[in-house]
Amino acid sequence: MCGNNMSAPLPAIVPAARQATAAVIFLHGLGDSGHGWADGLAGIRIPHVKYICPHAYVFTHWFDIHDQYHNAKEDEAGIKRASDNIKALIDQEVKNGIPSNRIILGGFSQASANCANKDMPVFQCHGVADPLVPFAFGSQTAEMMKALMNPANITFKPYPGLDHSSCPEEMMDIKRFIEKQLPPLGNE
């Protein structure tokens, strides 16, 4: 996607320890980078899973946030552009030999809004002490997703004392979620 564009930063990649049979595309929030999250994901490495952390710069940005209130105007064009670019990343991994049902989308903060799919299991984490995205917004999002999707597919886990960041407990919970959704294939 950006391999021939020398001005666009390449995604940060944590390669699988052996042949990759699954992938996690993890999108970072505003003001962060793919490299920061690649370092964290390397700490929960799963031998057959490749982690891809694209830079928002490749997408220009995920989309604009005009306001955090429910009646705020949405950046529909930006959301569509981000969605199209994420689909292109998935298509590239499929071309690389990873079946689409062996690809997980994940994200932090604003980027996680790009990840929902009504038929897929969702693991949503939220710091109770988050000053940037109030915990109430995360909780409301989980309830809205339960209304739009199969509620049995939604897991919402609060992390007491956690601000707008991640913690080791959360990363281990994410690892367990990935292991459950992307188990090794029979020959691995």
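Buried means under 20% relative accessible area, exposed over 50%, and partly exposed in between, with a 1.4 Å probe and protein chains only.

**View 1. The whole predicted model.** This is a predicted model: local features need pLDDT of at least 70, side-chain atom pairs count only at pLDDT 80 or more, and totals for chains, interfaces and linings use all residues. Residues are numbered from 1 along each chain as its sequence is written, and side-chain values use heavy atoms, leaving out hydrogens and water. Of the 188 residues in the protein, 39% are buried. There are 4 helices and 6 strands (DSSP runs numbered from the N terminus: helices are H or I, at least four residues; strands are E, at least two). Along the sequence they follow the pattern β-β-α-β-α-β-β-α-β-α.

**View 2. Helix α2, end to end.** Helix α2 spans residues 76-95, 20 residues in total. From first C-alpha to last it reaches 28 Å, close to the 28 Å expected at 1.5 Å a residue (1.5 Å times one less than the number of residues). After α2 comes G97, with a positive phi near 105°.

View 3. Which residues of α2 are buried? They are G78, A82, N85, I86, L89, I90 and E93. These residues lie on the same side of α2 because they cover an arc of only 145° around the axis (taken from the directions from the helix axis to the C-beta atoms). On the other side of α2, E76, A77 and K95 are exposed.

**View 4. What covers α2.** The cover over the buried residues of α2 includes β2 (22-27), β3 (49-53) and β4 (103-107).

Notes
Contact = heavy atoms within 4.5 Å.
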